[in-house]
Amino acid sequence: MRPPRFLWVPFELGRPFGAPGDAAFQTKVLRALLALLARKDGPVVLEDFPEDAPAAPEDDGTGWACPINLPKPQAAAEPAMLEEVLREIARLAPWYAYARERRGRTTFGVSGLEIERVARFLHAFFDGVPANPVAAVTLGEALRLACEDLRSWYLEAATARPGGAGSRALADWFWGETAAGRLLLALQPVCAASADAGVRHVAESQFVPRSQRHRLP
Amino acid sequence: MVRLTDLADVDARHLLAKECPPFGSEPFVAGPPLRERRIAIVTSAGLHRLGDRSFDIQDTGYRVIPGDLPASELVMTHSSVNFDRTGFQQDTNVVFPIDRLRELAAEGEIGSVARFHYSVMGAGWLPQEIEPTAIELAAMLKEDAVNAVLLSPV
C-alpha cells in the first residue's frame with residue numbers, strides 16, 4: 001500500500017481542522033496539509049502541525065455556561081423522567097431556534113422525528129420493545145439516530161450564543177446536568193437487556209461515550 | 001488526531017490498543033504543482049446530505065457530496081459516540097473544509113475543487129474491509145480528473 005502524506009494535528013477528536021468558526025486558522029491547517037503534496041522524500045511523510053487550536057472560552061478561566069439555567073434533574077424513575085426532559089426541551093427551544101437561524105443550518109433531524117417525539121420514542125424503551133417510528137431503518141438504528149438527534153438538539157441549543165465552548169465541558173453538561181442525559185444513562189442498561197438484538201448492540205457500544213460511562217447507574 | 005494526554009484515560013487506552021497495519025515503503029505518488037491540482041475531499045466522518053441514507057453500524061459504503069452543495073446541508077451519522085460533534089455542529093469546515101478549499105481555488109492557490117467529494121464511516125475498518133469502496137472511489141475521482149485527495153478523519 002502506498003502511504004498518503006500525513007499531517008498530525010494536536011486538536012481534539014472530531015475537529016481535524018482545529019477551530020469552528022475560525023476560517024483563518026482552518027486555512028492555516030489546510031495550507032500546511034497541502035504543502036505536503038510537494039514532498040517526495042519518505043518512506044513516510046508525517047509532519048506535526050506546530051500550533052494548538054485557539055483556546056475555547058472555558059480555558060480562559062471564565063467558564064462556560066448554558067444559555068439558561070436548567071433545574072437540576074430530580075426524577076429517579078419514569079414517567080417523571082420523560083416529563084423533566086419535555087420541560088427542558090420547552091425551555092431550550094428558543095435557543096435551539098436561535099442557533100439554527102444564526103448558523104443557517106442544523107445537524108438535528110437524522111431520525112426524521114420531531115424533538116418531542118424523539119424523547120417519547122426513547123422513553124418508550126422503558127416499557128419494552130416499542131414500534132419503530134423510522135420506516136427506513138431497523139429499530140436499533142432508529143434508537144441510535146434518535147440518540148444522535150437528542151444530543152445534537154441539546155448541544156446546538158447550548159452553543160447558541162456566539163463564543164463557543166469546549167467539547168469536554170459540553171459533554172459534561174449534557175451527560176451530567178440535563179434530564180436528557182439522565183434519561184439516556186437510565187435507558188442504557190434497559191436497552192442492553194432488550195429482546196431486540198440490534199437495540200442491545202447499540203446500547204453496548206453506541207449509546208454512552210467511554211468518557212461518560214462512569215455516570216452509568 | 002489528538003494528543004493521547006488530552007484524552008480520558010479510557011479513550012487513550014482504546015486508541016493505543018488498536019491494530020494498525022504498517023504501510024509499506026513504496027514511493028509516494030507524485031503530481032503537478034499545487035496551483036494545478038484538482039482537489040477532492042474524502043472524509044471518514046460519516047457525513048451525508050440530510051435525506052440521503054444514514055450510515056449504519058456495519059456500513060462500508062460511501063455517500064456522494066456534490067461539490068456545489070452548501071456546506072450547511074451536511075449532517076453526520078457516524079456510529080461512534082467517542083468524538084466531539086459540537087465543532088461540526090457549529091461549523092462544517094472544522095471537519096469538511098470545503099469553503100476553505102473554494103477560497104484557495106478562487107485565489108489561484110490550488111487549481112480547482114472537484115465536482116464530487118465522498119464520505120465513508122470510518123469506525124475502525126481494517127484496510128481489506130473498506131478496500132472495495134476505496135477502489136470504487138478512486139475510479140470516480142479519476143473520472144473527475146482529480147489529482148489530489150484530502151483525507152479528513154475524525
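## Contacts and overall layout of chain A

In this predicted model, 70% of the contacts in chain A between residues at least 6 apart in sequence join residues at least 24 apart. Chain A has 7 helices and 2 strands, and from the N terminus on these elements follow the order β-α-β-α-α-α-α-α-α. The C-alpha trace of chain A spans about 60 × 45 × 35 Å along its principal axes, and 42% of the 217 residues of the chain count as buried.

Chain A is divided into two parts, domain 1 covering residues 6-54 and domain 2 covering residues 80-215. The C-alpha centres of domain 1 and domain 2 of chain A lie 32 Å apart.

## Confidence

The model as a whole scores ipTM 0.93 and pTM 0.91. For chain B, the pLDDT averages 91, and 97% of the residues score at least 70.

## The largest nonpolar core

The largest nonpolar core holds 83 residues, of which A:L122, A:A146, A:L150 and A:Y154 touch the most other members. Helix α4 of chain A gives the largest share of this core, with 12 residues. Because domain 1 (6-54) and domain 2 (80-215) of chain A both contribute residues to the core, it lies between them. As a general background, nonpolar side chains tend to be buried together in soluble globular proteins.

Helix α5 of chain A comprises residues 167-177, and its buried residues are A:S167, A:L170, A:A171, A:F174 and A:W175. Seen down the axis of α5(A), these buried residues fall within an arc of 115°, and they therefore line one face of the helix. What covers the buried residues of α5(A) includes α4 (139-158) and α6 (179-192) of chain A, together with α2 (86-90) of chain B.

A:E177 is also found in helix α5 of chain A, but with 15 C-beta neighbours inside 10 Å it counts as partly exposed. The C-alpha atom of A:E177 is separated by 6.6 Å from that of A:K72, although the two residues are 105 residues apart along the chain. In helix α7 of chain A, residues 197-205, the buried residues are A:V199, A:H201, A:V202 and A:A203, and what covers them includes α4 and α6 of chain A.

## Strand β6 of chain B and its partners

Strand β6 of chain B comprises residues 116-120, and because 4 of its 5 residues are buried, the strand is largely enclosed by the rest of the structure. Strand β1 (residues 38-43) of chain B runs parallel to β6(B), and 2 bridges join them; on this side, B:V42 has B:Y118 as its bridge partner in β6(B). Strand β3 (residues 62-66) of chain B pairs with β6(B) in the antiparallel sense, over 5 bridges, and here B:Y62 stands opposite B:V120 in β6(B).

## A loop residue with positive phi

B:A145 lies in the loop between α4 (127-143) and β7 (148-152) of chain B. The phi angle of B:A145 is near 65°, a positive value in a residue other than glycine. With 12 C-beta neighbours inside 10 Å, B:A145 counts as exposed.

## The contact between the chains

The contact takes 53 residues from chain A and 53 residues from chain B. On the side of chain B that touches chain A, the elements giving two or more residues are α1 (9-16), β4 (74-76), α2, α3 (98-106) and β7 of chain B. Helix α2 of chain B provides the largest share of that side, 5 residues.

Technical notes. Residues numbered from 1 in each chain as written. Chains lettered and ligands numbered in written order. Predicted model: local features only at pLDDT ≥ 70, side-chain atom pairs only at ≥ 80, totals over all residues. Buried ≥ 20, exposed ≤ 12 C-beta atoms within 10 Å, placed from the backbone. Contact = placed C-beta atoms within 7 Å. Domains from an automatic or database assignment. Arc of directions from axis to C-beta. Pairing = 2+ DSSP bridges. pLDDT = per-residue confidence, 0-100. Core = buried A, V, L, I, M, F, W, Y, C linked by C-beta atoms within 7 Å.
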